[in-house]
Amino acid sequence: MISYCRFSAPLGRITIVQEGDAITHLHIGEAPVLPAGAEQRDTPLLQEACRQLSEYFAKTRQTFSLPLNPAGTEFQKKAWGALCTIPYGQTRTYKDMAEAIGCPKGFRAVGLANNKNPIAILIPCHRVIGANGKLVGYAGGLHLKKFLLELEGVPVADKA
């Protein structure tokens, strides 16, 4: 069974998708493409996801404790797993992330994997920046990446 809920956040509407016992997608924006057969429901897991996101946006939560199951290649899953190790309020470069997964020359592949991250925010791809310190490569738009980093206390005004 595929369920989803909508959540109003300071950065716009968020749609969270649950399949089975895990979160599989988080969409930012008004018109997400939902999996076939998805139905709007208020499940305990989706309620918990909304609660944790509310706390995150209120700056009272720095880590998430939700079951996640993003669909992707083994490389993508490895890259997304590494994203989850970046602490709140910190950033890493694409090169740092490539080295972290044992693929030191794979920074472009890491960037492509980040772009395909289906569970933004919960899998914090917004915490990865360019080697020169600039904000680059956020599927939701650089304005959202800047918003999320500033929410976490990362000074980015001169990097956008």
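View 1. Sort the lining of the second largest pocket by class and you get 10 nonpolar, two polar and one charged residues. This is a predicted model, and the pocket comes out at a volume of about 180 Å³. Its lining is made of 13 residues, and those that lie nearest the centre are Thr63, Phe64, Cys84, Leu122 and Arg127.

**View 2. The largest pocket and what lines it.** Here the volume is about 210 Å³. Again there are 13 lining residues, with Leu26, Ile28, Ala120, Ala139 and Gly140 nearest the centre of this largest pocket. Two elements, strand S3 (22-28) and helix H4 (107-115), each give two or more residues to the lining. S3 has the largest share, at three residues. As for class, the lining of the largest pocket splits into eight nonpolar and five polar residues, with no charged ones.

**View 3. The open sheet, strand by strand.** Four strands line up as S3-S2-S1-S4, with mixed pairing. S3 and strand S4 (39-40) sit at the edges with a single partner strand each, so one side of each has no neighbour in the sheet.

**View 4. The S1-S2 pair, with helix H1 packed on the sheet.** Strand S1 (residues 2-9) runs antiparallel to strand S2 (residues 12-19), and the two pair over eight bridges. Pick out Arg6 and you'll find it opposite Thr15 in S2. Helix H1 (residues 44-57) packs on the sheet and touches S1, S2 and S3. The direction of H1 makes about 25 degrees with that of S1.

Note on methods:
Residues are numbered from 1 along each chain as its sequence is written. This is a predicted model: local features need pLDDT of at least 70, side-chain atom pairs count only at pLDDT 80 or more; totals for chains, interfaces and linings use all residues. Side-chain values use heavy atoms; hydrogens and water are left out. On a 1 Å grid over the protein atoms alone, a cavity is a set of points where a 1.4 Å probe fits but cannot get out, and a pocket is an open set with protein on both sides within 12 Å along at least five of seven lines; lining residues have an atom within 4 Å of a point. Grid points are joined across faces, edges and corners, and a volume is the space filled by probe spheres set on the points. Ala, Val, Leu, Ile, Met, Phe, Trp, Tyr, Cys and Pro count as nonpolar, Asp, Glu, Lys and Arg as charged, and the others, Gly among them, as polar. Two strands pair if DSSP finds at least two bridges between them. Contact means heavy atoms within 4.5 Å. Axes are lines fitted to C-alpha atoms, for helices over the stretch in contact, and angles run from 0 to 180 degrees between N-to-C directions.
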